[in-house]
Every structure is written in C-alpha cells, then in structure tokens.
Amino acid sequence: MDAKARSKTDVLLHGVPGHPLHPPLTDATIGMFVLAAGLAVLGALGVVQEAAGKACWLALVGGLIVAVPTAATGFADWVRLEWGSARWQTATRHLTAMVTAVVLFALAAWLQHAGYQRGDVTGGGLVFSVLGFIALTAGGWLGGAIVFVHGVRVLAPEDPRESDLSGNRGDVDAVPTSATTTSGR
C-alpha cells in the first residue's frame, strides 16, 4: 500500500494527531447504551409503559450499530500499543470490559425484542441492560485511565518557553515525545 493510501486509512482508523477518532465515537455508543439501560429501568418501574419497551430496544440496536466503528477504531489504536506495557495492560482490560458490555447489550436486545413488539420491558432486557451498564461503566473508567493516566493519543502541551511574545511557536514542526504517542515508540 502506498503512503498516500496508508495515510487515508490511518486517518479513518485513528483520526489525526491531537484528535483521535475513537473517543468521540464512544460518546455515541455510550449514550445509546445508557439510554437503553435507563429506559429499561424506567419501564420496569412503570414510570413509562409502552414507550419504554419500544424505545429501549431501539436504543439497544442503535448502540450495537455504532459500537461497530467504535470498536474498530479502538482496536486499531490497541494494536499499536507496546505489547505488555502498562498502557497495553490497561487498554486490554478496557477492551475486555467493553466487549463484555457489548455482548451483554446484544443479549438484552435479543431478549427485549418481544418487549418491543408488546410495548413493555422484558425481565431479560432489564437484567442484561443493567449488567451491560455496569460493564460499560467499568470499561469507560478504564478508557479514561488510558488517556488521563497513561496519556495515550495525547499531544504534549506547548511549552510556554517555545512561544515568543506574539504567540507564535518557536518550533512549529515539533514532533510529540514518545510518551505521548500511541505506540510509545
């Protein structure tokens, strides 16, 4: 594959420096799954009846659909990490928790489909949505650690000593240090 094609593929899978693609995709996935779990609980409590059963299933299906590009970009970032490093270990736990969450939400969608048709929240839809939410929360916490503890895909802040009084950077072609790149290399 030539450099230009590889560059386009790289942008599609990883984003650009300072703007990785995986984190914003997680917002859509997490939002759909949290909505589904919330609707399952509200429907089971009788706060909203028919609408909760239908909307819960639709949110589960929506979450599963957006989980595909989210997982693909996350996996593409994960394979670039140094095997066995602390970053890789945290990312592997994150990946495991998120795969677990998606499987639980897929089971919830399968079990909730009857509730979609009848307009209620099924017991299985409720249980697996709540379990998926727990796994999703753990995975999100680990995802935060990947960024905020390990600094994966974070560009180093500009050193104020590199700027002159006009605000121009002294070294506009500076490359991030190895501590701030995805691969750690």
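**Notes on a predicted model: patch, pocket and salt bridges**

1. Val34, Val127, Leu131, Phe133 and Ile134 make a nonpolar surface patch of about 400 Å². A patch here takes residues with over 30% relative accessible area and no salt bridge, joining like charges within 9 Å and nonpolar side chains (Val, Leu, Ile, Met, Phe, Trp, Tyr) within 5 Å. Areas are from the Shrake-Rupley method with a 1.4 Å probe, and for residues only the protein chains shown count as cover. Helix H5 (residues 123-148) gives the largest share of this patch, four residues, and Ile134 has its place in H5. Helices are DSSP runs (H or I, at least four residues), numbered from the N terminus.

2. A word on the ground rules. This is a predicted model, where local features need pLDDT of at least 70, side-chain atom pairs count only at pLDDT 80 or more, and totals for chains, interfaces and linings use all residues. Residues are numbered from 1 along each chain as its sequence is written, and side-chain values use heavy atoms, with hydrogens and water left out.

3. Next, the largest pocket. His22, Thr26, Gly74, His94 and Gly143 lie nearest its centre, among 31 lining residues. A pocket is an open set of points on a 1 Å grid over the protein atoms alone, where a 1.4 Å probe fits, with protein on both sides within 12 Å along at least five of seven lines; lining residues have an atom within 4 Å of a point. Helices H2 (22-45), H3 (50-78), H4 (86-118) and H5 each supply at least two residues of the lining.

4. On to charges: the structure holds three salt bridges, each a side-chain nitrogen of Lys or Arg within 4 Å of a carboxyl oxygen of Asp or Glu. In one of them, Arg80 pairs with Asp10, the closest N and O atoms being 2.3 Å apart. Arg80 sits in the loop between H3 and H4 and Asp10 in helix H1 (residues 3-14), so the pair ties together parts that are 70 residues apart in sequence.

5. Asp77 and Arg153 form another salt bridge, with the closest N and O atoms 3.2 Å apart. This pair also links distant parts of the chain, Asp77 being in helix H3 and Arg153 in the segment after H5, 76 residues apart. Are these two buried or exposed? Both Asp77 and Arg153 are buried (buried means under 20% relative accessible area, exposed over 50%, partly exposed in between, with a 1.4 Å probe and protein chains only).
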